[in-house]
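Dear colleague,

Please find below the structure that I am handing over to you, together with its sequence.

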Amino acid sequence: MAKPRKVIITSAVTGAIHTPTMSPHLPISQDEIADAAIGAAEAGASILHLHTRDPEDGRPSQNPEHFLPVLEKVSSNTDSVINITTGGSPHMTVEERMQPVSTFKPELASLNMGSMNFGLFPMLEKYPEFQNVWEREHLANSRDLVFKNTFADIERILEIGSSNGTRFEFECYDISHLYNLAHFQGRGLAQGPLFVQSVFGLLGGIGGHPEDLMHMRRTADRLLDDFQWSILGAGKSQQPLATMGVTMGSHIRVGLEDSLWIGPGKLAESNAEQVMKMRAIVEELGMEVATPAEARLMLDLKG
Ligand code: KMH
Ligand code: ZN
């Protein structure tokens with residue numbers, strides 16, 4: 001009998017896009033972020049995509065001192081793959097964004113495959129008041145925000161990875177990002193198995209329509225060699241696109257970084273809740289969630 005296919009679930013537990021006013025369930029302090037990650041791991045996430053925040057006001061932070069307690073607590077309570085962001089917040093410099101990966105040399109890190117507009121300002125309409133001034137500025141200033149990921153930036157982060165044994169979650173927000181990744185694979189700077197995270201539904205990137213997903217998939221198949229494909233749908237596209245993706249052979253990413261919701265108009269109360277919902281769908285479809293050991297094998301991680 002054929003063995004069930006294994007699906008890697010990544011949980012992205014807090015990110016740098018959503019702000020404290022948007023959900024009381026968004027993890028902010030180091031303990032909250034670590035506990036949320038541990039809960040997601042217990043629910044079936046084998047990869048934990050981590051950002052941190054300044055516990056004073058919930059502002060995104062790439063300060064290694066804010067990462068350290070999170071990493072210590074998560075790694076002593078789970079055997080999950082730790083994936084540290086190099087995206088940080090689109091408001092930060094690339095220098096600032098790279099600090100934690102240079103310091104902690106994780107087995108996996110995100111790598112954003114092109115520069116783009118990052119339009120957060122439509123969210124302003126939903127929130128008449130904010131707990132902190134920075135939250136309004138973070139959204140409003142995105143009208144004039146470029147998330148900078150030049151070829152030189154990408155090359156530098158690839159070099160840091162290759163000197164530390166860190167492999168990458170290649171975040172591709174548009175078709176051109178797949179071409180950029182193919183360029184680096186062609187030059188031998190990005191090596192298989194590539195972990196391709198296709199990102200849908202952010203203003204500035206490709207949309208969240210099923211046709212967008214089909215086009216990403218066809219383009220990735222045409223351009224890339226030796227890759228594992230994963231789907232990240234932002235906001236309301238999270239669960240529908242993840243479900244569509246798994247039926248087409250993808251892995252999936254969920255988490256409050258990407259969507260605050262568990263259903264229409266209903267806030268997710270935890271990262272674990274989103275993992276459990278997607279895990280149930282995966283299992284109903286006759287597949288199994290990958291363990292951390294299986295994810296390491298599929299992605300050729302150093303462990
Ligand atoms: N917030 C996600 C859409 C990163 O951390 O490198 C993109 C992200 C970027 O995860
Ligand atoms: Zn992230």
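Which residues have the most contacts inside the largest nonpolar core? In this predicted model, they are Ala37, Ala40, Leu48 and Leu181, and the core itself has 79 residues. Helix α1 (residues 30-43) supplies the largest share of this core, namely 8 residues.

Apart from its neighbours within four places in sequence, Ala37 is in contact with Ser11, Val13, Leu48, Leu50 and Val74.

The axes of α1 and helix α2 (residues 64-77) come within 9 Å and cross at roughly 30°. An angle under 35 degrees counts as roughly parallel, and α1 and α2 are therefore roughly parallel to each other. Their crossing is right-handed.

A second pair of helices is described in the same way. The axes of helix α3 (residues 94-104) and helix α5 (residues 151-164) come within 11 Å, with a crossing angle of roughly 15°. That angle makes α3 roughly parallel to α5. The crossing of α3 past α5 is right-handed. On the α3 side the contact is made by Val94, Met98, Val101 and Ser102, and on the α5 side by Asp153, Ile157 and Ile160. These residues divide into 5 nonpolar, 1 polar and 1 charged.

With kind regards

Key. Residues numbered from 1 in each chain as written. Chains lettered and ligands numbered in written order. Predicted model: local features only at pLDDT ≥ 70, side-chain atom pairs only at ≥ 80, totals over all residues. Core = buried A, V, L, I, M, F, W, Y, C linked by C-beta atoms within 7 Å. Buried ≥ 20, exposed ≤ 12 C-beta atoms within 10 Å, placed from the backbone. Helix = DSSP H or I, 4+ residues; strand = E, 2+ residues; numbered from the N terminus. Contact = placed C-beta atoms within 7 Å. Axes fitted to C-alpha atoms, helices over the stretch in contact; angles between N-to-C directions. Parallel < 35°, antiparallel > 145°, perpendicular 65-115°, else oblique. Left-handed = near helix turned anticlockwise from the far one by under 90°. Nonpolar A, V, L, I, M, F, W, Y, C, P; charged D, E, K, R; others polar.
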